[in-house]
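The following account leads the reader through selected features of one chain. Please keep the sequence and the model in view while reading.

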Amino acid sequence: MAIDGLIILDPAGRPIIQSSYTTYPAAYPLLHIEALNNALAKAPREGSVDPVIYVEELSCSSACCHVEVGGMRFVATISGDADPLIAFAFLDAFIEILQDYFGIVSVATLKDNFDIVYQLLEETLDSSGHPLTTSPNALSDIVLSPSLISKLLASFQARDKEASSFGSNGTGGAFTSPIPWRKAGVRHNRNEILFDVVEEMRGIVGKNGTTLVSNVFGKIESNAKLSGTPDLTLTFANPNVMMECAFHPCVRLQKWTRDNALSFVPPEGRFVLADYQYRPPQSALISNVPIPLSLKANMDMGEFGGTFALTLTSRLIKVMENLELKFYLGEDATSAQCTLSSAGSSVGSVGSADGSWSFNSRTKTLRWEILNMRSSGSWILRGSWTSKIKAPRPAHAFQIRFDIPSYSFSSLKVDQLRLSSEMYKMYKGVRMRSKGSIEWRW
């Protein structure tokens, strides 16, 4: 039930860095790289590759789990009866660690900091393939960040000062603290903790406009800059809207089970306090969460192409931002021509502040963007496309994404946050934001 190793591939499919694979034949990682590259090359369109690729060339059952970040592929190889979810959980944790260390994860960043990436890989995954240390606070005591290494090399005389600043103004690290996820002796001039409640809707709408399934998954992201060892208690006005909860190790589960309150000593810096799924009201006839927009699609398929008229309408009072609709026109599509209009007024054939469209000849995808979608009016995209074959084969679904700032599908409301074990006053802030990913079939 372990991970065989980790491989990071550049956009061309060449390995940048990988685990040692000391207990496996030399060809073992190469076969997984070849299997993934072949699957990507055969994919009819971008994003259509199975996230788990099975390797048939090996006598034992083996597979590679992969995710894309910045054009690169992070690949975790597994074998036997290992659960792919463990591999994906480790990949997500390792990518978050790289983002915490470098900010932007790119090919250039990994190559410039090859030694640090390799140290992180060795510390997060042991020789048996089991995840080891994935807490950023604990890793920062073992693997120095690039900025600190540069400072230490530039000024050897200031190494004591830099080492203390690296410990977040503390006198000890995570390994010297009785709390594994928090450093000892942390001090801040300004004490604050911020919460971001981020909710994502995932839904599928059928041909007749009926919602087949729609769920909302949320998480509470936190950023703590608190001195000492703060003991916090976070309560909600409506905790019943949360179900299937998963918490950071700092949360005391008994307190949540008994009082529906989150009692915890937070780590230093950014962390995810809780993940949950929104529970719709029991009075609702169906469990699906209402879709915040509507799409009317008039499609006319013809020879060597087709025409369409798409009408988007918001169902919310809030403004929806960064709305994006993607429509795959088929592998034989050659071109597309469209005209945009908003609330009955033409805004041009290319776009304006109300929206824009583009056709990607490589991915054969039509993209429609609306930066700000107000609560009133409709947005219309009319157009046509051409194909090299007589009977074109576009996708029979639109992919829609959007953001809604200062909005929560669940209406989750924080009641209060209490601090104990410390005497200072802290600033606390809560922000809501939502996003959605909808497949709308026609």
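Glu324 stands opposite Arg401 in β21. The model is a predicted one, in which local features need pLDDT of at least 70 and side-chain atom pairs count only at pLDDT 80 or more, while totals for chains, interfaces and linings use all residues. Residues are numbered from 1 along each chain as its sequence is written, and side-chain values use heavy atoms, with hydrogens and water left out.

Strand β14 (residues 320-328) and β21 (residues 397-405) pair in the antiparallel sense over 4 bridges; two strands pair if DSSP finds at least two bridges between them. Strands here are DSSP runs of E with at least two residues, and helices are runs of H or I with at least four, numbered from the N terminus. β14 is also joined to β19 by 8 bridges, again with the strands antiparallel. Within this pairing, Leu325 has Trp368 of β19 as its bridge partner.

Lys364 lies between β18 (355-360) and β19 (365-373), and has a positive phi of about 60° although it is not a glycine. Most residues other than glycine have a negative phi. Lys364 is buried, with a relative accessible area of 19%; buried means under 20%, exposed over 50%, and partly exposed in between, using a 1.4 Å probe and protein chains only. Phe304, in the loop between β12 (293-302) and β13 (305-314), likewise has a positive phi, near 60°. Phe304 is partly exposed, with a relative accessible area of 43%.

Attention now turns to helix α2. This helix spans residues 84-102, has 19 residues and reaches 27 Å from its first C-alpha to its last, close to the 27 Å expected at 1.5 Å a residue; the expected span is 1.5 Å times one less than the number of residues. Asp83 caps the N-terminal end of α2, with a side-chain oxygen 3.0 Å from the backbone nitrogen of Leu85. Just after α2, Gly103 takes a positive phi of about 85°. An α-helix has 3.6 residues a turn, so residues three or four places apart point the same way.

Finally, the cysteines may be considered. With a disulfide taken as a pair of cysteine sulfur atoms within 2.5 Å, the count comes to 0 disulfides. Cys65 is in no disulfide, the nearest cysteine sulfur, that of Cys64, being 7.2 Å away. Cys65 is buried, with a relative accessible area of 0%, and Cys250 is buried at 4%.

Terms used. A polar contact is a pair of N or O atoms within 3.5 Å; within protein, one must be able to donate a hydrogen and the other to accept it, and residues adjacent in sequence count only if both atoms are side-chain atoms.
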